[in-house]
2 protein chains.
Amino acid sequence: MMRSLALLLAAAVPATAAVAAPPPSAEHTRSYAPLFAAEVEAAKRDVEASIRAGINVPVPKDPGGGFTHEQHKRNYRIIFEGGQLYRLTGDVRYRDHVRDLLLAYAKLYPTLGPHPAAANQAAGRLFWQSLNDSVFLVNAVQGYAQIRDALTPAERARIDDGAIRPMAKFLSDGSPEVIGRIHNHATWACAGVGLAGYLLGDRDLVDKALLGLDKSGKTGFLRQLDLLFSPDGYYAEGPYYQRYALMPFVVFAAAIDANEPQRKIFDYRGGIVLKAVRTAIDVTHDGYFLPINDAMPDKSLRTDELYHAVAIAYAATRDPAFLSIAEGQGHTVLTPAGEALAADVAAGKARPWPFASRLLSDGPDGKGGALVLLRDRPTATGPLLVVKNTVQGMGHGHFDRLNWLYYDETGAVVTDYGAARFLNVEAKRGGRYLPENDSWASATVAHNTLVVDEQSHFAGDWKVGEKVPTQQLASRLDGPTRYSIAAINGAYKGVAIRRALLLLDIDGLGNPLILDILRGTGGGRHRFDLPLHFSGQIIDSDIVFDRKLAERPVLGTANGYQHLWVDGVGSAADKAAGKAARLTFMQGNRFYSYHMAPPAGARFILAESGANDPEFNLRRQPVLIQRIDGTDSATFVSLLEPHGSYDASAETVVGSRARVVGLDHRRLGDADLVVITLAGGRRLAVAVADNVAADAPHSVAIDGTAHSWTGAVGRFDLAKGGAK
Amino acid sequence: MMRSLALLLAAAVPATAAVAAPPPSAEHTRSYAPLFAAEVEAAKRDVEASIRAGINVPVPKDPGGGFTHEQHKRNYRIIFEGGQLYRLTGDVRYRDHVRDLLLAYAKLYPTLGPHPAAANQAAGRLFWQSLNDSVFLVNAVQGYAQIRDALTPAERARIDDGAIRPMAKFLSDGSPEVIGRIHNHATWACAGVGLAGYLLGDRDLVDKALLGLDKSGKTGFLRQLDLLFSPDGYYAEGPYYQRYALMPFVVFAAAIDANEPQRKIFDYRGGIVLKAVRTAIDVTHDGYFLPINDAMPDKSLRTDELYHAVAIAYAATRDPAFLSIAEGQGHTVLTPAGEALAADVAAGKARPWPFASRLLSDGPDGKGGALVLLRDRPTATGPLLVVKNTVQGMGHGHFDRLNWLYYDETGAVVTDYGAARFLNVEAKRGGRYLPENDSWASATVAHNTLVVDEQSHFAGDWKVGEKVPTQQLASRLDGPTRYSIAAINGAYKGVAIRRALLLLDIDGLGNPLILDILRGTGGGRHRFDLPLHFSGQIIDSDIVFDRKLAERPVLGTANGYQHLWVDGVGSAADKAAGKAARLTFMQGNRFYSYHMAPPAGARFILAESGANDPEFNLRRQPVLIQRIDGTDSATFVSLLEPHGSYDASAETVVGSRARVVGLDHRRLGDADLVVITLAGGRRLAVAVADNVAADAPHSVAIDGTAHSWTGAVGRFDLAKGGAK
């Protein structure tokens with residue numbers, strides 16, 4: 001039983017709010033809530049400008065960022081907006097403009113072959129990659145659905161048969177290598193094909209979208225729901241693509257729910273669609289998606305995909321926390337779901353989003369490791385320790401097992417480069433991923449995790465990495481000692497890596513400390529490098545660096561090392577035994593001291609990205625590398641301490657000196673013990689046991705006193721400045 | 001006739017709003033406007049915390065950023081705030097806390113000698129430089145004045161004689177080398193001494209503050225008003241110090257007006273105090289002070305100095321444009337002037353600040369050149385071309401005659417490094433100016449102006465520069481062709497430099513173009529370098545650079561060149577005659593193409609600051625240098641074209657390609673003619689005559705057609721793509 005797509009999204013809001021297409025001649029006079037009214041006005045400006053400019057449906061020629069690319073993008077937006085405006089206002093000018101655009105496509109589309117600017121991606125017809133063709137269809141169908149019943153049968157037939165159905169055919173039967181994948185490109189294709197199928201009443205298209213071209217269920221939308229998200233709604237490729245992929249998932253799910261409510265699609269796999277929306281919001285800081293894997297760091301919740309997702313999720317759940325996200329977005333969608341959401345925002349029903357620590361399992365079965373988010377307060381901008389213990393993340397995944405990032409009120413502090421790409425900037429290779437995305441951005445050394453022998457994990461082969469999960473051994477998401485303990489065996493042949501990362505709230509310190517205990521164990525003699533990529537200006541260090549002041553060499557020759565300019569090399573040789581090394585930098589209005597108790601013989605390399613970059617494709621960002629040579633195993637213990645503040649307006653600085661004055665690591669029995677000493681002599685011990693079983697008892701003697709705990713991590717306040 | 005200082009600032013507001021100190025026992029119950037109420041609340045939090053913490057008046061020890069430095073700064077703020085709170089609330093706890101603080105200073109101060117951390121600045125007693133002692137006194141007197149009448153005679157005597165008078169004596173008779181200067185440090189000293197004099201009824205102190213230690217008027221506050229500001233209210237050291245100096249000028253002026261209204265201080269020298277406030281607001285972009293000369297680029301109108309200045313200026317003028325500045329500040333002062341301003345903001349009386357082009361003459365007589373601000377729209381964030389044709393700017397001045405900067409909605413595009421300093425960050429040499437401030441930040445090559453033979457202007461001797469004005473030859477501040485033409489002779493021996501900078505509004509382009517015609521004329525054979533310091537990421541260039549990809553040399557050995565890493569060197573040799581070279585970069589969400597029609601034989605050097613920087617004191621920022629060797633004279637013609645936009649949310653890019661496709665320079669008779677060709681063939685000619693007399697007629701033949709104009713600059717639309 002197919003219903004008009006004009007009702008599709010309406011079905012996701014309560015019956016009382018459901019809106020049938022208005023009689024075409026009636027001008028609506030109802031008043032909109034501000035959030036929705038602004039969208040209506042913006043859409044009117046867009047569509048009116050398009051009406052004035054006239055129909056422009058050019059023969060496809062340019063890659064991303066070029067004129068024809070952008071014009072076809074504009075056109076699908078106009079079709080979507082014009083259709084919604086017609087629904088809202090009944091103004092036939094909108095209907096006629098959308099119709100004329102679609103008729104122009106119906107004339108052009110059948111004449112097209114593969115796009116002339118197609119590169120190594122699957123070629124589209126309107127765009128250089130078929131992905132954009134799918135996005136076109138998802139948008140165009142939603143706009144067309146609003147006017148279709150108001151066209152003449154001849155017009156309808158021309159558009160159906162000249163544009164919508166051929167597009168759906170191209171993206172289904174015509175592109176088996178795309179739609180048959182378990183991948184976000186396939187989801188967009190399924191959504192376009194499925195939406196077209198519902199609109200045209202074409203069961204065959206719908207079934208192919210839902211179940212794959214062979215309708216076996218081995219591919220298709222439902223299988224993607226099974227395989228692309230973990231049970232916690234984490235999308236395999238990471239937050240950036242989670243955002244991007246979300247739109248076809250939620251829009252198609254809403255359409256399925258409207259057309260085939262008996263499928264209970266929002267309950268499918270434990271409510272995976274809505275979990276995916278919630279998780280998408282959780283994997284942000286200050287509204288920006290965490291840029292792990294291939295990711296543009298400027299992508300935020302303020303994107304079209306999330307406007308749709310939030311409106312649809314709110315319609316499905318009525319959870320008022322979605323309303324605060326919508327307030328932060330400052331936008332919603334032109335659909336009935338958007339209108340209902342805006343009304344509730346205006347009614348003051350919003351509640352804060354409950355940001356909290358999360359362990360997001362990875363892999364379809366949740367056994368591929370996890371993305372761990374440790375937060376110590378329920379805010380969008382507060383401290384956030386991100387630990388990347390996921391699987392590879394497919395072709396867009398980076399070689400960064402056990403990587404960590406740190407964010408707080410100043411923004412990104414311990415950073416991920418993200419992708420080397422200038423999205424849609426034509427001069428930068430058509431806006432595609434750049435060569436430096438492989439040679440630098442995805443390399444292990446571009447991340448904050450162990451590099452062995454200057455190689456990337458899995459020798460830089462993502463297909464190998466895809467088969468090797470990370471082992472999430474233990475975690476604690478609440479209390480003053482939050483942590484993640486994980487291990488990866490197989491990133492390097494014969495080398496096992498285990499890492500504990502802890503977010504420690506300390507009485508009397510305004511900011512948490514981040515403690516890192518990383519152990520690499522392998523046969524043979526290796527070079528171990530542990531980079532810290534940070535943002536900000538170096539303030540000072542107690543390491544004596546041999547500075548490269550007047551000629552700047554490159555650190556290495558391959559695997560990302562060729563992109564690092566060396567600024568200086570220092571050693572720990574001048575450090576008294578047990579004395580940590582420190583680098584202090586300033587980021588935003590805060591200071592950060594990175595304390596290191598590295599293994600004996602460690603050296604420190606200060607470097608900056610940007611070498612061997614002929615096209616100026618890289619940003620230049622600092623990195624500190626702890627290096628050990630000729631070792632078969634080593635433990636790196638590091639502590640990041642945020643402290644103090646710089647107030648440019650008041651011209652005041654407080655706390656520019658680190659409070660941590662000592663960081664001492666000892667191996668005691670089957671545990672690592674770290675003693676942190678604060679200025680004034682206060683001492684704190686953290687013990688991490690090899691055996692992480694929750695009920696395993698452990699005990700260590702510190703300064704002659706026995707301390708015991710149960711489970712992976714113990715924490716003790718010690719007597720002031722006792723003998724070691 | 002001395003009046004209580006409790007009334008001083010009140011006198012600057014109308015009589016009805018004037019507030020006498022309340023009866024100490026009465027709690028005020030009036031309601032404040034939000035802006036003022038927030039200040040009262042913030043002050044209560046500060047002072048209550050200080051009351052809880054108890055009196056802490058440590059023996060001075062630390063330089064800027066250290067504990068005793070910051071504690072004494074906190075204390076003067078508490079004295080100021082506590083005094084005002086007592087006036088507003090009558091709560092004796094505030095009175096007693098301020099009293100106890102002052103009594104502690106009365107005990108400590110007489111025991112102090114020169115500050116132990118004094119460096120090359122004049123030593124203070126409480127602080128490492130006496131400047132901070134002056135600031136202490138200015139604040140402390142204002143707070144003390146509010147409680148003084150409510151103290152016992154014995155308490156009053158102890159504070160007067162142990163703290164206030166000795167401080168005033170130290171800053172006057174005790175520091176003749178400071179207060180006797182014509183310099184902002186002296187203004188602060190005068191304000192402190194004068195305020196103390198009014199409060200204590202000490203005519204001698206007041207006269208010394210107004211007229212200098214010898215009361216001759218050759219130094220002192222009035223002489224500073226004569227000499228430190230140009231007739232347009234431009235402060236000799238530049239915007240950053242204008243901001244800083246403003247506070248003692250306005251606070252002391254308000255006190256003079258309250259105590260000696262017959263002086264009509266606000267009318268002095270044509271109303272120079274209020275002109276200085278208005279000019280301070282004009283020399284900002286997006287609220288941030290233009291960072292010419294020694295300047296921290298993070299300083300904005302959101303500073304205490306400007307809260308005072310705006311409140312006092314509004315009280316004196318009732319110009320509602322000040323209210324919109326206060327709205328932008330989001331703060332005001334705790335004085336009656338601040339309360340009155342807040343009330344009018346709340347009453348909706350604010351009007352936008354009329355940002356406009358300005359020619360701010362420099363030098364006490366206005367004949368030292370000018371700072372030229374060219375704006376094409378009346379907004380705080382719109383396009384702003386800054387041309388620095390001023391005198392040296394004293395010891396904080398940079399060697400940057402004829403320098404230019406460009407700002408627009410994306411922020412700083414063509415940049416000034418500002419100062420090499422981390423204000424108040426103790427680890428950075430106590431927060432003082434760093435060695436790199438001399439070796440890099442003030443050097444000519446760190447600016448966007450001509451460098452001859454790798455030397456700085458005036459051989460880097462500011463005292464020489466101070467004697468040589470810049471000649472502001474012509475300007476136009478309105479219309480579609482705004483410009484400045486100026487010259488400097490004497491920056492280099494035997495070399496005359498003349499530069500025209502034009503802000504061109506072009507029909508059909510959303511952003512103005514900036515045209516630069518710089519001519520250096522000298523005897524002998526010289527190296528001419530013209531740098532462009534810009535912010536953003538390089539997108540592409542049509543110059544073929546010999547890139548320094550794997551080993552990065554330094555550009556030179558002295559005068560700032562030692563701080564530049566070379567990224568690449570290119571030549572114009574592969575350019576067809578008359579063909580310009582282009583570098584495109586992206587800053588914020590906009591593209592910028594820099595087109596160059598350099599002299600024959602020019603080379604292009606891409607470099608970055610940060611070499612020879614052992615303490616990581618420099619930010620790393622890109623620069624493009626146009627270079628000519630072995631020439632006696634040369635003309636550089638360059639054009640900056642802002643274009644297009646990048647929208648991360650919508651994932652769209654438009655206009656990433658430059659619209660300017662040709663830039664051709666010819667010398668025709670006694671004029672420079674530049675022809676700009678846009679994509680599509682449209683051509684525009686700009687002619688700049690040597691003779692800038694407003695009534696001088698000029699004529700050139702272009703493509704066989706005569707074009708004539710009167711005055712310095714002519715502009716003509718040419719036929720499309722005509723023969724050259």
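Which residue stands opposite Tyr407(B) in β7(B)?

## Model and conventions

This is a predicted model, in which local features need pLDDT of at least 70 and side-chain atom pairs count only at pLDDT 80 or more, while totals for chains, interfaces and linings use all residues. Residues are numbered from 1 along each chain as its sequence is written, chains are lettered from A and ligands numbered from 1 in the order in which they are written, and side-chain values use heavy atoms, leaving out hydrogens and water.

## The antiparallel sheet

Tyr407(B) stands opposite Ala412(B) in β7(B). Strand β6 (residues 403-408) of chain B runs antiparallel to β7(B) and is joined to it by 3 bridges; two strands pair if DSSP finds at least two bridges between them. Helices (H or I, at least four residues) and strands (E, at least two) are DSSP runs, numbered from the N terminus.

In chain B, 5 strands form an open sheet in the order β3-β4-β5-β6-β7, with antiparallel pairing. The edges are β3 (358-361) and β7 (411-414) of chain B, each with a single partner strand, so one side of each has no neighbour in the sheet. From one strand to the next, the twist averages 20 degrees. Helix α11 (residues 268-282) of chain B packs on this sheet, touching β3 and β4 (370-375) of chain B, and its direction makes about 125 degrees with that of β3(B). Contact means heavy atoms within 4.5 Å.

## Crossing of α12 and α14

The axes of helix α12 (residues 304-317) and helix α14 (residues 336-346), both of chain B, come within 9 Å and cross at roughly 75 degrees. Axes are lines fitted to C-alpha atoms, for helices over the stretch in contact, and angles run from 0 to 180 degrees between N-to-C directions. α12(B) and α14(B) are therefore roughly perpendicular to each other (65 to 115 degrees). Contributors to the contact include Tyr314(B) of α12(B) and Leu341(B) of α14(B).

Note on methods:
Parallel < 35°, antiparallel > 145°, perpendicular 65-115°, else oblique.
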